[in-house]
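Good morning, colleagues. Please take a moment to look at the protein on the screen before we discuss one of its helices.

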Amino acid sequence: MDNTQIENSKKNLTLSVFTHPACSGCGAAVEMGWELAQDLEGIVLKTVKLENREGLQKAQQCGIKTIPTMIIYKGEEECERMVGLPKKKDLEKSLKLYLA
């Protein structure tokens with residue numbers, strides 16, 4: 001990664017959504033994240049599916065115990081964690097706060 005990529009990653013937020021196909025609220029969480037990533041400049045959406053080994057390992061590393069869980073990262077730093085399905089306006093408010 002060059003210096004420009006490092007600077008861009010510090011400006012952008014990553015919204016990681018931890019999901020599973022059997023989770024009733026997970027589809028809505030992913031859709032909400034996708035809509036906000038489209039509406040707000042600087043948001044990168046990552047979906048972590050707990051149905052495979054890689055997703056399970058990532059969830060374990062992050063201490064995920066309930067799904068859906070959304071984590072907002074700025075660079076490598078975790079800014080906020082939302083367990084369960086938040087209201088869209090609450091998630092949007094948090095994203096805007098960390099984009100500032």
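This is a predicted model: local features need pLDDT of at least 70, side-chain atom pairs count only at pLDDT 80 or more; totals for chains, interfaces and linings use all residues.

Which residues are exposed on the other side of α2? They are Gln38 and Asp39, where exposed means over 50% relative accessible area, buried under 20%, and partly exposed in between, with a 1.4 Å probe and protein chains only.

Residues are numbered from 1 along each chain as its sequence is written, and side-chain values use heavy atoms, leaving out hydrogens and water.

The protein has 4 helices and 4 strands, in the order α-β-α-β-α-β-β-α from the N terminus. Helices (H or I, at least four residues) and strands (E, at least two) are DSSP runs, numbered from the N terminus.

Let us turn to α2 itself. It spans residues 26-39, 14 residues in total, and reaches 20 Å from its first C-alpha to its last, close to the 20 Å expected at 1.5 Å a residue; the expected span is 1.5 Å times one less than the number of residues.

In α2, the buried residues are Cys26, Ala29, Met32, Gly33, Leu36 and Ala37. They lie on the same side of α2 because they cover an arc of only 135° around the axis, taken from the directions from the helix axis to the C-beta atoms. Their cover includes β1 (13-19), β2 (43-49), β3 (69-74) and α4 (88-99).

Finally, of the 100 residues in the protein, 36% are buried.

Terms used: Contact means heavy atoms within 4.5 Å.
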